[in-house]
Amino acid sequence: MSGWHVDEGLLADYDRGTLPPSRVLAVDTHLLACASCREQVRVDPVWLTGNWSVVFDALHEPRSGPLHRFLRRLGLPEHRIRLIAATPALRWSWLGATATVLALAVAAAYLGRGGMQVSNAVLLVVAPVLPVLAVATAYGPPADPMHEITDTTPAAGPALVLWRATTVVTVAVVMGVVAAVLLPGPGWYAVAWLLPALLLSVGTLALSTVIALPAAAGVLGGIWLAGVGTAVTIHRDSSLPLVFGRTAQLGYLFAAMTAVVVLTVRRRRLDPGETR
Amino acid sequence: MERPVDESSGDAELLGAVAAGRADALRLLHQRHAPWLRARLRRRCADADVVDIAVQDTFVAIWKDAHRYEATGADAAAWIWTIAARRLVSALRGPAHRWLGGVAEPLPDVATAPSAEELVLLGIEHGDLGAAIDRLSPELRVLIQATAIDGLTVRESAKLLGIAEGTAKTRLLRARARLRELLT
């Protein structure tokens, strides 16, 4: 270099912003080129340590998994992603259970050649209950060992229950659709169970403003299984189009909307999975 | 096979160790480079918090991209500065409350060899150029600073200065024309 170096006074003026512009540019370019002048720049050691600790934390932050990245792609805010993706220990139990039930239903449909109608009916009857079971068992006292701690956080309450319910229902519905598509039989079977499933899930949440969540799930799921299950078993050929027919589907839709209204009105009484 | 690093190690050696995943080497780089990076970035952004975030992001980016330094073979300080200037632009652009190191876009491959303008500016403390720079109006001067000194593209400079890209292009042309005028 030209033998010219940045001295202490110049550096202090540079830091204060009192240098004329051309001198600022000169210091800028010189700092880039001269290692000894770079070392002249002094900072508060406290600042240096604090700044480093943030960098250090960032280096050791757990890497975000594929699920995390996918949810971020969907545009969910970061704290919701944490909430949804943070309970891997709980995920596998109900994921495994749902997958097993659906796989058995589909396998039965292919294996039982003579009784094809029976197996189709089994899937259609059981599938709507699966999201409800998922909602009831994925979180809350029996399944979640952290529920007491969760309930003391500001995040607890109806919003938390609804976010978690939405998460498990989404997964359960996706798995149900996959199983239904694999099913032999008329194409509309693949979607026929969706509205009953919606009704049962929302209905369970609505009912849980009155009684505990697992009890609500048990009551509604039991009614569905007992009622529809019996009807389908006794009058197999005539009742299946009736239960999943056009009129019935409209009825499910209206009932589900009613349940949404009830849920909205009574949302403050939603059972957060803990007796009060 | 891993050679120990200490204060006397060169920047290139330290970057090599960082590429091998050694946090102590990054710490040494941080101690050596964070102070002057902060000083320079503060001349470009009045918000001390944003500058701090930019410095932090710079070292996180170095941690992830140190293996790319070998390929460019440029001067380590210039390479680090290129990252820092771009991190400042993204820190200014990003939302106020984001997670550190959250969505870091990959670094563009840029040549960090000194440009002709930089070589001229190294001699800025002598001669007419300094006087000409002083007489340039501030909004033209900041563009010369962002493009010639900081090595940003016109688009990045526009983001840093909070003006439209077209405006930045026009001003840069005017600034060069004015400088030529003042120097002749």
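# Legends to close-up views of the predicted two-chain model

**View 1. Helix α4 of chain A packed against helix α2 of chain B.** In this predicted model, helix α4 of chain A (residues 45–59) packs on helix α2 of chain B (residues 23–42) at an angle of about 145°, and the two axes are 11 Å apart. The crossing of α4(A) past α2(B) is right-handed. From α4(A), the residues making the contact are L48(A), N51(A), W52(A), V55(A) and L59(A); from α2(B), they are A23(B), R27(B), H30(B), Q31(B) and A34(B). Sorted by class, this helix pair brings together six nonpolar, three polar and one charged residues. In general, an α-helix has 3.6 residues a turn, so residues three or four places apart point the same way.

**View 2. The side of chain A that touches chain B.** The contact between the chains draws on 27 residues of chain A and 35 residues of chain B. On the chain A side, α1 (8–16), α2 (21–33) and α4 each contribute at least two residues. Helix α2(A) provides the largest share of this side, with 10 residues. The composition of the chain A side is 18 nonpolar, four polar and five charged residues. For the model, the scores are ipTM 0.74 and pTM 0.56.

View 3. An unreviewed UniProt entry assigns "domain: Putative zinc-finger" to residues 10–38 of chain A. In the model this span is 83% helix and 0% strand.

**View 4. E78(A) in helix α6 of chain A.** Residue E78(A) belongs to helix α6, which covers residues 78–85 of chain A. Because 15 other C-beta atoms lie within 10 Å, E78(A) is classed as partly exposed. H68(A) is 10 residues away from E78(A) along the chain, and the C-alpha atoms of these two residues are separated by 9.1 Å.

View 5. The unreviewed UniProt entry lists the feature "transmembrane region" at residues 92–112, 118–140, 161–182, 188–208 and 247–266 of chain A. Residues 161–182 are 100% helix and 0% strand, with end C-alpha atoms 32 Å apart. Residues 247–266 are 95% helix and 0% strand, and the end C-alpha atoms of this span lie 29 Å apart. Chain A as a whole contains 16 helices and zero strands. Of the 276 residues in chain A, 33% are buried. Among contacts in chain A between residues at least 6 apart in sequence, 73% link residues at least 24 apart.

**View 6. The surroundings of W193(A).** W193(A) sits in the loop between α12 (189–192) and α13 (194–207) of chain A. This tryptophan counts as buried because 26 C-beta neighbours lie inside 10 Å, the threshold being 20 or more. Leaving aside residues up to four places away in sequence, W193(A) touches L124(A), A127(A), P128(A), G176(A) and A180(A).

**View 7. Helix α8 of chain B within its surroundings.** Helix α8 of chain B spans residues 138–149 and is largely enclosed by the rest of the structure, because nine of its 12 residues are buried. The buried residues of α8(B) are R141(B), V142(B), L143(B), I144(B), Q145(B), A146(B), T147(B), A148(B) and I149(B). After α8(B) comes G151(B), which has a positive phi, near 75°.

View 8. Chain B has 10 helices and zero strands, arranged along the sequence as α-α-α-α-α-α-α-α-α-α. Buried residues account for 40% of the 184 residues of chain B. Of the contacts in chain B with a separation of 6 or more, 63% are between residues 24 or more positions apart. The average pLDDT of chain B is 77, and 78% of the residues score at least 70. Over residues 96–114 of chain B, however, the pLDDT is below 50. Beyond near neighbours in sequence, this stretch has 22 contacts in the model.

Notes. Residues are numbered from 1 along each chain as its sequence is written. Chains are lettered from A and ligands numbered from 1 in the order in which they are written. This is a predicted model: local features need pLDDT of at least 70, side-chain atom pairs count only at pLDDT 80 or more; totals for chains, interfaces and linings use all residues. Axes are lines fitted to C-alpha atoms, for helices over the stretch in contact, and angles run from 0 to 180 degrees between N-to-C directions. Helices (H or I, at least four residues) and strands (E, at least two) are DSSP runs, numbered from the N terminus. A crossing is left-handed if the near helix is turned anticlockwise from the far one by less than a right angle, and right-handed if clockwise. Two residues are in contact if their C-beta atoms, placed from the backbone, lie within 7 Å. Ala, Val, Leu, Ile, Met, Phe, Trp, Tyr, Cys and Pro count as nonpolar, Asp, Glu, Lys and Arg as charged, and the others, Gly among them, as polar. pLDDT is the predictor's confidence in each residue, from 0 to 100. UniProt positions are given in the numbering used here, feature names are shortened, and annotations may be inferred rather than shown by experiment.
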